[in-house]
Amino acid sequence: MSVNETLGDFIQRVKSGEYRIVATKVDSCEGQMEFAFTVNVQDELGELEREYKDLGSRCDSLASYILTSEFSHLSGEEQDASFSQYNAMSAYQKILRKRIEMARKRVNEE
């Protein structure tokens, strides 16, 4: 990635909120300005909440599909795989919910 592309990517990520500038430093070295930024990638909590929401939508879609007549025409093996997928997604969703709770607690303590 070129310097211009890297800088453009950085600026876009700051504007979108993905990066948050927490400190800056400006120096002059050999007649040229140098800029240093300290950034934090968007907080873990926001990322976890987005992932939880997306996974919830996928779980809802799969649950709706399981209730259709189309699903009833699948082989038993395909139905079992779909139920296993739903159970795994539900377990993952519970883990995400726990991580969100822990992240919220950590944020509130800071």
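Trainee: In what order do the elements of the protein run from the N terminus on?
Mentor: Before we start, keep in mind that this is a predicted model. Reading from the N terminus, the order is α-β-β-α-α-α. That gives four helices and two strands.

Trainee: And how much of the protein is buried?
Mentor: Of the 110 residues, 17% are buried. As for the surface, the protein exposes about 8600 Å², with carbon and sulfur atoms supplying 51% of that.

Trainee: Next, the core. Which residues make up the largest nonpolar core?
Mentor: The general idea first: in soluble globular proteins, nonpolar side chains tend to be buried together. In this model, the largest nonpolar core has 11 residues: L45, L48, L55, C59, L62, I66, F71, M89, L96, I100 and A103.

Trainee: What share of the contacts with a separation of 6 or more comes from residues 24 or more positions apart?
Mentor: Those pairs account for 42% of such contacts in the protein.

Trainee: On to charges. How many salt bridges does the count come to?
Mentor: Two. To call one, look for a side-chain nitrogen of Lys or Arg within 4 Å of a carboxyl oxygen of Asp or Glu. One joins the side chains of E47 and R50, at 2.9 Å from N to O. Both residues sit in helix α2, three residues apart, or about one turn of the helix.

Trainee: And where does the E49 salt bridge lead?
Mentor: E49 pairs with R104, and their closest N and O atoms are 2.8 Å apart. This pair links distant parts of the chain, since E49 is in helix α2 and R104 in helix α4, 55 residues apart.

Trainee: Why does E49 count as partly exposed?
Mentor: Because its relative accessibility is 30%, and partly exposed covers the range between under 20% (buried) and over 50% (exposed). R104 is partly exposed too, at 42%. In the other pair, E47 is partly exposed at 44%, and R50 is partly exposed at 36%.

Notes: Residues numbered from 1 in each chain as written. Predicted model: local features only at pLDDT ≥ 70, side-chain atom pairs only at ≥ 80, totals over all residues. Heavy atoms only, no water. Core = buried A, V, L, I, M, F, W, Y, C linked by side-chain atoms within 4.5 Å. Buried < 20%, exposed > 50% of the residue type's maximum accessible area, 1.4 Å probe, protein only. Contact = heavy atoms within 4.5 Å. Areas by Shrake-Rupley, 256 points an atom, 1.4 Å probe, with all protein chains shown as cover.
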